[in-house]
Amino acid sequence: MNREPFYKGLFFVAGLYDLILGTIFFFFYVPLYGYFGITLPNHPEYVHAPALFIVILGLMFFYICKNMYKNVDMVKIGMLSKAAYSGLAFYHYLFTSLPAIF
């Protein structure tokens with residue numbers, strides 16, 4: 001069974017998600033933070049830099065979608081980035097006071 005279309009779709013959705021999420025946080029973090037009652041950082045760079053890294057990860061996922069076999073190392077990096085973020089977010093959500101938006 002050829003699972004390539006499934007994985008291409010998965011990486012396309014991951015790329016779209018990261019591109020949209022990073023763009024929203026870059027441009028609209030002030031109203032988002034206000035809505036969720038999160039204190040704004042003392043400098044926009046603390047939100048802008050990670051937001052742009054997320055956009056770049058989204059672009060990486062689009063490259064993977066285009067040619068998974070050529071970009072197999074990027075698949076590994078993408079998986080590590082998602083696992084690292086998810087692991088940290090779940091840990092801090094469960095054991096500290098991370099707001100659910102993250």
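Helices α1, α2 and α3 (72–95) each contribute at least two residues to the lining of the largest pocket. The model is predicted. Its chain has three helices and zero strands, and the order of elements from the N terminus is α-α-α. The C-alpha trace of the chain spans about 50 × 30 × 20 Å along its principal axes.

**Largest pocket**

- The space in the largest pocket amounts to about 910 Å³.
- Its lining is made up of 29 residues.
- Leu21, Ile54, Tyr85, Ala89 and Phe102 are the lining residues that lie nearest the centre of the largest pocket.
- Helix α3 supplies 10 residues, the largest share of the lining of the largest pocket.
- By residue class, the lining of the largest pocket comprises 23 nonpolar, four polar and two charged residues.

**Packing of α1 and α2**

- Two packed helices are described by the angle between their axes and the distance between the axes.
- Helix α1 covers residues 4–35 and helix α2 covers residues 45–66.
- The axes of α1 and α2 come within 7 Å and cross at roughly 165°.
- Helix α1 is therefore roughly antiparallel to α2, since angles over 145 degrees count as roughly antiparallel.
- The crossing of α1 and α2 is left-handed.
- In the contact of α1 with α2, the residues divide into 20 nonpolar, five polar and three charged.

**Packing of α2 and α3**

- Helices α2 and α3 pack with their axes 10 Å apart, at an angle of about 140°.
- That angle makes α2 oblique to α3.
- The crossing in which α2 passes α3 is left-handed.

**Salt bridges**

- Side chains of opposite charge can pair when their charged atoms come close.
- The structure holds three salt bridges.
- A salt bridge joins lysine 8 and glutamate 4, with 3.8 Å between the closest N and O atoms.
- Lysine 8 and glutamate 4 are separated by about one helical turn, because they are four residues apart in helix α1.

Notes:
Residues numbered from 1 in each chain as written. Predicted model: local features only at pLDDT ≥ 70, side-chain atom pairs only at ≥ 80, totals over all residues. Heavy atoms only, no water. Axes fitted to C-alpha atoms, helices over the stretch in contact; angles between N-to-C directions. Parallel < 35°, antiparallel > 145°, perpendicular 65-115°, else oblique. Left-handed = near helix turned anticlockwise from the far one by under 90°. Nonpolar A, V, L, I, M, F, W, Y, C, P; charged D, E, K, R; others polar. 1 Å grid on protein atoms, 1.4 Å probe; cavity = no way out; pocket = protein on both sides within 12 Å on 5 of 7 lines; lining within 4 Å. Points joined across faces, edges and corners; volume = space filled by probe spheres on them. Salt bridge = Lys/Arg side-chain N within 4 Å of Asp/Glu carboxyl O.
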